[in-house]
Amino acid sequence: MGGHMPIGRRERAKQAKRERIMTAARELFAEHGVSEVTTQQIAHRADVAIGTLYLYACTKAELLIMVQNEKFAAAIDSGLAAANAAVEQGVLKPVIALIRPVVECLREHIENGSTYLHELVFGDPAEPYRQLGLALAGRLEAAITRLLTRDEYIDAGDAATLARVITAIIHFSTTATVYMHRSDEAVLADIRDQIYATLAPHHRAA
């Protein structure tokens, strides 16, 4: 055989290793938080050599981003479904329905969610996993924009700007240390009040 594995089997083996690494990282980050976990622990639980782990992700931050990207994508999907179901209830309710799963995802483990957002904002935007995370953030912002354009008092240009403001509100409200001990419901209520105040001038101007 000469040590050569057929391409299909080699790809399946690579995929299986990646899944083991992802599962190990997901479990350890959930159990201990990103700051308390080492890449060596992840490699050990995944039953791979540390060198093999580095073929899939160069740093612990990249592993966190890989894990959180999956959660973020699923949260956006859930939010879009909820927003579509609430689409006849004005604009504010669908927007809150959209962002609720995102807020819950980011606050599932406060440290992990905060580190994830920090890495997306301040890390290398050319790194592939960060690129994917930033694309997901863009997808959320675009979905908020689409919902806002349904409001007859908000034009398309303002909707895009307001969506950027709303994503900033979400970012701050879910990661600020001062809000760490609040419940998800309290944070969501505060976000709702901030969004309402942000949209209100457009209605008053009309």
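Modeller: Helix H1 gives the most to the lining of the second largest pocket, with seven residues. The model is predicted.

Biologist: Which elements give two or more residues to that lining?

Modeller: Helix H1 (7-32) and helix H3 (50-56) do. The residues that line the second largest pocket include Arg10, Glu11, Lys14, Lys17 and Arg18, as well as Thr52, Leu55 and Tyr56. The volume of this pocket is about 160 Å³.

Biologist: How do the residues of the lining of the second largest pocket divide into nonpolar, polar and charged?

Modeller: Three are nonpolar, two polar and five charged. Arg10 and Glu11 belong to this lining, and they count as charged because Asp, Glu, Lys and Arg are put in that class.

Biologist: What makes up the lining of the largest pocket?

Modeller: There are 15 lining residues, and Phe72, Leu117, Ala137, Thr167 and His171 lie nearest the centre. Helices H5 (92-107), H6 (110-122), H7 (128-148) and H8 each supply at least two residues of the lining. H7 has the largest share, five residues. By class, eleven residues of this lining are nonpolar, three polar and one charged. The space in the largest pocket is about 260 Å³.

Biologist: What makes Phe72 and Tyr116 an edge-to-face pair?

Modeller: Two values describe a pair of aromatic rings, the distance of the centres and the angle of the planes. For Phe72 and Tyr116 these are 6.0 Å centre to centre and 85° between the planes. Phe72 is in helix H4 (residues 60-85) and Tyr116 in helix H6, 44 residues apart, so the pair links distant parts of the chain. Tyr116 has a relative accessible area of 0% and is therefore buried.

Biologist: How many aromatic pairs does a search of the whole structure find?

Modeller: Two. The other is Phe172 with Tyr179, at 5.8 Å centre to centre and 85° between the planes, again edge-to-face.

Biologist: Why is Phe172 not simply called buried or exposed?

Modeller: Phe172 has a relative accessible area of 48%. Buried is under 20% and exposed over 50%, so 48% falls in between and Phe172 is partly exposed.

Biologist: How do you know that the span of helix H8 agrees with its number of residues?

Modeller: At 1.5 Å a residue, the 20 residues of H8 (residues 156-175) should span 28 Å, and the end C-alpha atoms are 29 Å apart, which agrees. The buried residues of H8 include Ala159, Leu162, Ile166 and Ile170.

Biologist: What makes Asp155 a cap of H8?

Modeller: A side-chain oxygen of Asp155 lies 3.2 Å from the backbone nitrogen of Gly157, at the N-terminal end of H8.

Biologist: Why are Asp47 and Val37, both in loops, classed as they are?

Modeller: Asp47, between helix H2 (39-46) and H3, has 63% relative accessibility, over the 50% limit, so Asp47 counts as exposed. Its phi is near 60°, a positive value in a residue other than glycine. Val37, between H1 and H2, has 1%, under 20%, so Val37 is buried.

Notes. Residues numbered from 1 in each chain as written. Predicted model: local features only at pLDDT ≥ 70, side-chain atom pairs only at ≥ 80, totals over all residues. Heavy atoms only, no water. Helix = DSSP H or I, 4+ residues; strand = E, 2+ residues; numbered from the N terminus. Expected span 1.5 Å × (residues − 1). Buried < 20%, exposed > 50% of the residue type's maximum accessible area, 1.4 Å probe, protein only. Polar contact = N/O pair within 3.5 Å; in protein donor to acceptor, adjacent residues only side chain to side chain. 1 Å grid on protein atoms, 1.4 Å probe; cavity = no way out; pocket = protein on both sides within 12 Å on 5 of 7 lines; lining within 4 Å. Points joined across faces, edges and corners; volume = space filled by probe spheres on them. Phe/Tyr/Trp six-rings, centres within 6.5 Å; stacked < 30°, edge-to-face > 60°.
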